Amino acid sequence: MKHLIGKLERTIVFVLKTCLYAALFISFFGIMGIDNPQLLRFSRTSGVTMLTFVVAGLGMTAAYGRYDIGKRKSKPIISSIGLATLITDIVTYIELSIMNTNPANNTEFKFESIGLFVIVVAVQVMCITVFTYGGNWIYFTLYDPERCCIVTSSRESFLQISHAIDVFRKQYRICEVKDYQADDLYEAVLRCDTVFLYDVPIKERTELIEYCYRNMRSIYFSPEISDIVEINSKHVILDDISLINLPVKELSVEQRFMKRFMDIIFSAAAIVMTSPIWLICAAAIKIDDGGKVFFKQKRATKDGKVFEVYKFRTMKENVKNYSSVADDDRITSVGKILRKYRLDEFPQFLNILFGDMSLVGPRPEMLENVYLYTKEYPEFAYRLRVKAGLTGYAQIAGKYNTTPKYKLILDLMYIENYSILKDIKLVLQTLIVFFKPDSTEAFDDSYYTEHVAKFAEFLDANWKQSEE
């Protein structure tokens, strides 16, 4: 029975997705149609408004994420679809109010049926919540977690990847853990459905990928710099010879102009709109300990140029300067709130306006970190090929405790895939960070202690005690 259901996976997800999107559409037009009957019959207003809802919905779900049950946890799906739907509703609602500004309805612009709009949003939130939790429940009732084999090179690497996999324990079940040099490695691979290759040397990784592909095993592997280069290359044929080409990429004059234009307009607008929040933050900092409101720190941007980044002060004055850790006693009580909601970053709109930073780009690191990270990973200097940013791919996809190497990987993916549309998408996705409680997560050793015990037999079989 489950084998038959497995073949219907895409159909089941498609049906649930169609029902959800239909429910969102019907709830908007059904409820708003109470005071706007023209929405429920063939009319110019209904046609334009429905088209607006569909186009805006497609754009927002493309930016924030779709109804991908079975692939993501329920809360992130609810956050992304909920935010996409809310923005779609607002755009459509404003468009409807504009359409109703005519001699037959409203002689001057006014917002239509605000009470009904609030009901629409509430009903849609309930629909999204029910369909997401229900959809994931159906999916994981029908499908068992994939049997996984972790192939890596050290205890530390195992602990890192097992932590990530354990977050998605309904999707994956770790059944095998092997050192990439183990004698029975290939037998272990065949006993599993999916193979995670993490921190495996490129030569051995290539051989394992070919073996997994030959034996129909799904593969996940951690990328290196060379992989980023390859991902962003293009296939060309010279005569009858296939080649991979990676042209040298730099922002064109038009791209630089548009990026700077967007930076100025957005930062200026953001400073004006968030100015009340600035006043509240400044007052809270002063009331808390009476110290300085702003904090300045030297950071590195494009081509290694040093500038002073502005932030609201979140730490006690006259303390040692290094990246924050879990339960950091240097952080003030007000500072904890400012950091949690990223309010301490607002003064950086001034850096963007002055041209020190861009709206989107790799986050500017402290000079001490630039030195340390570049010493360990010389490729870290590649991040300085573009101007530092307030937000970026590494900030949205990663967390505070994401390792420097994988922040670098994410930043290089952004640099090599740059486009204005990509920048707009990342700006929109930045709102999702506020719904990620683990985005400011610091390192915690308790998880590792638990999993060392859980997988002790694997660890002892694959790595010598002297490597601990």
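Some housekeeping to begin with. Residue numbers start from 1 along each chain as its sequence is written, and side-chain values use heavy atoms, with hydrogens and water left out. Since this is a prediction, local features need pLDDT of at least 70 and side-chain atom pairs count only at pLDDT 80 or more, while totals for chains, interfaces and linings use all residues.

Let me take helix α3 first. Helices here are DSSP runs of H or I with at least four residues, strands are runs of E with at least two, and both are numbered from the N terminus. Helix α3 covers residues 44–64, that is 21 residues, and at 1.5 Å a residue it should span 30 Å; the end C-alpha atoms are 30 Å apart, which agrees. The expected span is 1.5 Å times one less than the number of residues.

Which residues of α3 are buried? They are T45, S46, T49, T52, F53, A56, G57, M60, T61, A63 and Y64. These residues cover an arc of only 145° around the axis, so they lie on the same side of α3. The arc is taken from the directions from the helix axis to the C-beta atoms. Buried means under 20% relative accessible area, exposed means over 50%, and partly exposed is in between, with a 1.4 Å probe and protein chains only. On the other side of α3, R44, L51, V55 and L58 are exposed.

The cover over the buried residues includes α2 (9–32), α4 (74–99), α5 (114–142) and α16 (420–429), where contact means heavy atoms within 4.5 Å. After α3 comes G65, with a positive phi near 120°.

Now the salt bridges. I count one when a side-chain nitrogen of Lys or Arg is within 4 Å of a carboxyl oxygen of Asp or Glu. That rule gives 16 salt bridges.

One of them joins D227 and R205, at 2.9 Å from N to O. D227 is in helix α9 (residues 225–231) and R205 in helix α8 (residues 202–214), 22 residues apart. Both are buried.

Another joins R313 and D289, with the closest N and O atoms 2.7 Å apart. R313 sits in the loop between β8 (306–312) and α11 (333–340), and D289 in helix α10 (residues 253–289). R313 counts as buried because its relative accessibility is 6%, whereas D289, at 40%, counts as partly exposed.

Finally, K311, D344, E345 and R363 are linked in a network of salt bridges.
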